[in-house]
Amino acid sequence: MKRDEIVGGIVIFLFGMVTALFSLGMPIGTFRMGGTGLFPLCLGILLMILSGLFISKIFFQGKKDQVKKEGSFESSESPTQLILFLGAMVLATLFFNRLGYPLTSFLLMVALLRILGIKRWGLSILISVVTAVGCYFVFVQWLSIPMPKGWIGI
Amino acid sequence: MFESLQHLANGFGIAGTVQNLLYCLIGCIVGTIIGVLPGIGPIAGIALLIPATFGLNPTSAIIMLAGIYYGAMYGGSTTSILLNVPGETASVITCIDGYKMAQKGRAGPALAIVAIGSFIAGTIGIFGLVFLAPPLAEAALAFGPPEYFSLMVFGFIVLSNVTGASLLKSLMMAVVGLIIGTIGIDPVTGDARFAFGSTYLLGGIEFVAVAIGLFGIGEVLVNVNQPSELLDQGVLMPRLRELYPSLQDLKKSIGAILRGAVSGFGIGLVPGPAPVIATYASYMIERKVSKHPEEFGKGAIEGVAGPESANNSACQSAFIPLFVLGIPFAPPTAILLGALLIHGVSPGPLMISQHAGLFWGVVASMYIGNFMLLILNLPFVPLFANILRIPKRILLPLVILFCMTGMFTVNSSVFDIWMMLLFGVIGFLMRKWAYEGAPLLLALVLGPKLEIAFRQSLMISHGDFGVFVNRPISMVFLLAMAIFLIFPAIRLMFKKSKKGGIKS
């Protein structure tokens, strides 16, 4: 947990540093007439200070100030499932416009249900069809929201 | 006072016509449905349905759109409690204890207390609106950029104290949110900032993408990362008698509801994203006054009742600056302003005299709308609570599909879905490292306003930071902020020295 805390702190520190560096590439101006980069520069520096304080606090105080276990969870418990799940979402987003809304929602549902362990094809397809058709009627037909039609054209 | 009461009575006469009652009912129903669908909040809901009001007279149109607004706010709380997906920023705080209550099988009482609290707060709000609106609206006029700045910084400190185990971590998240809020166009000079040549980034990061990503997708990914067998363990299933709050729940909540209603109303009058600050301030107050502050964050009903009442109350009083000053302080009221202009009504100091029927009619309709929401929603509590009976293996893909659909509907942009996924992964990592998402989200919304207030204040004072302490209202906020920061530290030191004394 302590290692996670320090890694998190370092990532945030780097984010603050990158922000400050990019801000320096913009006009800073003066406090009287601040430029575009002034506010993000101040924020970047403030974030570096806060995360620096946080890292040193964790580093020096050790276990005393560690957050309670409840706020966290053990990582890597099901990484394959997580990666596949994320992959399906990325693919659905990638082909959202080309496949169209009804087909993408159907395929995404089938994929996610299978990844999460609904092994019966019949059940997966039934749930996916009902969901895709239901969503299509609610969002496209009822609320008249323009969704991508894709190559199937609906 | 009597004049106001007479106007209000006239307002009830206008709102009570069959036609306006029907539009109010349609607004409440559509708003609740829109709020319940994850991803579509009041902003998108009102925007989508403005064209449907073109054929109506201005009063009926605004009554219906206002109904969608508070109906969606209510519906947003439902998704916060059941799925940990806030419909809008004001519901973020409801996720903290509401979702925990749902996980413990107490979604029913949480949902019911939202409806009851919202109704009581609405009742208090309407009386406040009638009697206190004129003097308070005048007081709000005294706010300049330094006061806005100090108020917003105070809001961050309150929020950072409220959420999470570590003040430092919450402050870090608030600053990260402020940095993300700087992406897009500089609000003062109009120059591009952190856009890297992308036309999508020029418009800034869509708030809804961050909200759904951090809370909705993040929560789903946490669940997906669990061992497979844990996916079969649903949340505790409520028994029928547990679907509504017990007498003890009501006893615990009533104080929180009243405090939330009063504080929410006051905050609603102050320029700024009132419902958001009101919910956080109410949560903070409840935690401070509670005899069991350790229960907050673990499913305390006061943590739902207080903020939701404050939210409703602030939503009502936020109409005062919109109608009286013509200045919307939150995105939904900004869209309502657009709707008013479309219907040929210009809000401002003369609106109450020039469009008295519309003003008082809408005020009265809010009360009627709140009553309708109570009647409509209480019977549906079991239905909503039973959503949790759906196995996680099916519910999680459904949430993802709703999130993606809802995200696309906001701007019809696939880029927003990418952003949502990115913030979903960030939300997942934040949970892994035990960071709170709420400060980031609030900072993202307040960021541009904070920057404008900061830079305008320094322009006024020719670069002198004394402007923030030389002005009385601003100084009061900064003093309050200092007390919020110093008091817990002193208390901690006092506790430590006491412990040390006992040991020795």
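In chain A, in which helix is confidence lowest, and in which is it highest? The lowest confidence falls in helix α6 of chain A, residues 121–142, with a mean of 90. The highest falls in helix α5 of chain A, residues 101–115, at 95. Across chain A the pLDDT averages 86, and 89% of the residues score at least 70. One stretch stands apart. Over residues 66–75 of chain A the pLDDT is below 50. Beyond near neighbours in sequence, that stretch has 15 contacts in the model. Where pLDDT is low, the predicted coordinates should not be read in detail.

Now turn to where the chains meet. Here 56 residues of chain A are in contact with 51 residues of chain B. On the chain B side, the elements giving two or more residues are α8 (167–181), α10 (207–224), α19 (392–411), α20 (414–432) and α21 (438–460). Helix α19(B) supplies the largest share, 10 residues. By class, this side of chain B has 32 nonpolar residues, 11 polar and 8 charged.

Next, chain B itself. Its secondary structure comes to 23 helices and 2 strands. Of its 504 residues, 61% are buried. Take the contacts in chain B between residues at least 6 apart in sequence: 80% of these join residues at least 24 apart.

Two helices of chain B show how such elements pack. Helix α4(B) spans residues 58–83, and helix α5(B) spans residues 92–103. Their axes come within 6 Å and cross at roughly 55°. The crossing of α4(B) past α5(B) is right-handed. From α4(B), the contact is made by B:Ser77, B:Ser80, B:Ile81 and B:Leu82. From α5(B) come B:Thr94, B:Cys95, B:Gly98, B:Tyr99, B:Met101 and B:Ala102. The contact has 6 nonpolar and 4 polar residues, and no charged ones.

Finally, stay on α4 of chain B and look at B:Tyr69, which is found in this helix. Is B:Tyr69 buried or exposed? B:Tyr69 is buried, because 29 other C-beta atoms lie within 10 Å and 20 or more are enough to count as buried. Leaving aside neighbours within four places in sequence, B:Tyr69 is in contact with B:Gly31, B:Pro42, B:Ile46, B:Pro332 and B:Leu336. B:Ala256 is 187 residues from B:Tyr69 in sequence, and the two are 23 Å apart in space, C-alpha to C-alpha.

Note on methods:
Residues are numbered from 1 along each chain as its sequence is written. Chains are lettered from A and ligands numbered from 1 in the order in which they are written. This is a predicted model: local features need pLDDT of at least 70, side-chain atom pairs count only at pLDDT 80 or more; totals for chains, interfaces and linings use all residues. pLDDT is the predictor's confidence in each residue, from 0 to 100. Helices (H or I, at least four residues) and strands (E, at least two) are DSSP runs, numbered from the N terminus. Two residues are in contact if their C-beta atoms, placed from the backbone, lie within 7 Å. Ala, Val, Leu, Ile, Met, Phe, Trp, Tyr, Cys and Pro count as nonpolar, Asp, Glu, Lys and Arg as charged, and the others, Gly among them, as polar. A residue is buried if 20 or more other C-beta atoms lie within 10 Å of its own, exposed if 12 or fewer, and partly exposed in between; C-beta atoms are placed from the backbone. Axes are lines fitted to C-alpha atoms, for helices over the stretch in contact, and angles run from 0 to 180 degrees between N-to-C directions. A crossing is left-handed if the near helix is turned anticlockwise from the far one by less than a right angle, and right-handed if clockwise.
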